[in-house]
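Please prepare a briefing on the structure shown below, covering its charged side-chain pairs, its aromatic pairs, its pockets and its overall build.

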Amino acid sequence: MPMPHPMCEAWRGPVLENVHLGHAVICDAGGDILQAWGDPDAVMLPRSSCKMIQALPLITSGAAGAFGLGQDQLALACASHNGATIHTHRVQAWLSDLGLGDHDLRCGPQMPRDAEERASLRAQGTPPCQWHNNCSGKHAGFLTLNKHLGGDADYHQPDHLVQQACLTAFEDTTGQDTLGYGIDGCSAPNFATTVHGLARAMAWFASAADRNDVASNAASELVQAMCAYPELVAGEGRACTELMRAMDGRVAIKTGADAVFVAIIPERKMGVALKIADGTMRAAECAIAHILIGLGVLDANHPAAQKYRTPDITNWNGIICGGVKPADGFVV
């Protein structure tokens, strides 16, 4: 079994302080491996990086069409958002259109990452709602699908027809039977796969425009929505949003908790998946930027590319103490 590959180094002055190891795969449209680091068969939980897969049944079932969902709502269904006003107001309106409210969500309340919204809640002495949860867009999608299918209220349970539809989509796109599941931070099941399986799914999304079946058309819609609304997929100051903007909507990327990242590259018909073994997010951001630069879809000189591929390490006085960079031997 191949060991994790060195992907990212953190230096403090002249001292190598940390080396972050991981697994990564680049797949072609047929699901074959073009390049890999570490173990392609390493089992992983995709966490939020697979939200576009979880959103597929929203479209393929006819629910998105029946409820007239817009491109911004499809982007939110794939999002891990900051809980800023542009996110929460859309989720609230979406729920209202369904005749539902915050109490119908099952993702749990979360203090928003957005500084302005967080300060507003604290100034008012108001606790966060479930629509502030970074996964509330995905859950609004679940609720839309659930209403269309006529399921019971606990749509987040693994045996619920909503989650079973997500499981089918997951196995179809990864080309693998699931290897079990864990319960994610938002209470929905997160199905396990291999790094290769996840990259294969992203390559399937990347090549979707070449096909004309219901699932592929749905995949194309979701990719287009993510690229059209990068600010809804994550938010200001986030790697997903800033790197997608840097690539001018040509590539969709999505992070997942505990240092997962994926990329969908339609012009190359390639999919990328990576997992940093120790769960360090800055290492995952460094690694995905490095791969995108190596594949020629991200300009190495773009400020966003430099921010995430080779960020400075600063102390509380703003003094630059070191930096992060791709590990020697991590060649794309």
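A salt bridge is here a side-chain nitrogen of Lys or Arg within 4 Å of a carboxyl oxygen of Asp or Glu, and the structure holds 11 of them. The model is a predicted one, in which local features need pLDDT of at least 70 and side-chain atom pairs count only at pLDDT 80 or more, while totals for chains, interfaces and linings use all residues. Residues are numbered from 1 along each chain as its sequence is written, and side-chain values use heavy atoms, with hydrogens and water left out.

**Overall build**

- The protein chain contains 14 helices and 12 strands, where helices (H or I, at least four residues) and strands (E, at least two) are DSSP runs numbered from the N terminus.
- For 332 residues, a compact globule would have a radius of gyration near 20 Å, and the 19 Å of the protein chain agrees with this; the radius is taken over C-alpha atoms, and the globule rule is 2.2 Å times the number of residues to the power 0.38.
- Taken along the principal axes, the C-alpha atoms of the protein chain fill a box of roughly 60 × 50 × 35 Å.
- Of the 332 residues of the protein chain, 55% count as buried, a term that means under 20% relative accessible area, with exposed meaning over 50% and partly exposed in between (1.4 Å probe, protein chains only).

- Side chains of opposite charge can pair when their charged atoms come close.
- K325 and E9 meet through their side chains in a salt bridge of 3.2 Å, N to O; K325 lies in strand β12 (residues 320–326) and E9 in strand β1 (residues 5–12), so this pair ties together parts that are 316 residues apart in sequence.
- Within that pair, K325 counts as partly exposed at 27% relative accessibility, whereas E9 counts as buried at 8%.
- R12 and E17 form a salt bridge at 3.0 Å, N to O, and here R12 is partly exposed at 38% relative accessibility, as E17 is at 42%.
- R90 and D72 are joined by a salt bridge of 3.0 Å, N to O; R90 belongs to helix α5 (residues 85–97) and D72 to helix α4 (residues 71–77), so the pair ties together parts that are 18 residues apart in sequence.
- R90 is partly exposed, with a relative accessible area of 30%.
- Salt bridges that share partners join E9, K325 and D328 into one network.

**Aromatic pairs**

- Rings of Phe, Tyr and Trp (its six-membered ring) pair if their centres lie within 6.5 Å, and planes under 30 degrees apart count as stacked, over 60 as edge-to-face and the rest as tilted; the count by this rule comes to five aromatic pairs.
- The rings of F142 and Y155 have centres 6.0 Å apart and planes at 55°, so this pair is tilted; it links distant parts of the chain, with F142 in helix α7 (residues 136–149) and Y155 in the loop between α7 and α8 (161–174), 13 residues apart.
- Both partners of this pair are buried, F142 at 2% relative accessibility and Y155 with a relative accessible area of 0%.
- The rings of Y181 and F191 have centres 6.1 Å apart and planes at 70°, so this pair is edge-to-face; Y181 lies in strand β5 (residues 181–183) and F191 in strand β6 (residues 189–191), 10 residues apart.
- Y181 counts as partly exposed at 49% relative accessibility, whereas F191 counts as buried at 6%.
- One aromatic cluster is formed by F170, Y181 and F191.

**Pockets**

- On a 1 Å grid over the protein atoms alone, a pocket is an open set of points where a 1.4 Å probe fits, with protein on both sides within 12 Å along at least five of seven lines, and lining residues have an atom within 4 Å of a point.
- The largest pocket has a volume of about 430 Å³, a volume being the space filled by probe spheres set on the grid points, which are joined across faces, edges and corners.
- Of the 28 residues that line the largest pocket, S80, R113, N134, R238 and A257 are the closest to its centre.
- The lining of the largest pocket divides into 10 nonpolar, 13 polar and five charged residues, where Ala, Val, Leu, Ile, Met, Phe, Trp, Tyr, Cys and Pro count as nonpolar, Asp, Glu, Lys and Arg as charged, and the others, Gly among them, as polar.
- The second largest pocket holds about 170 Å³ of space, and α8 gives the most to its lining, with five residues.
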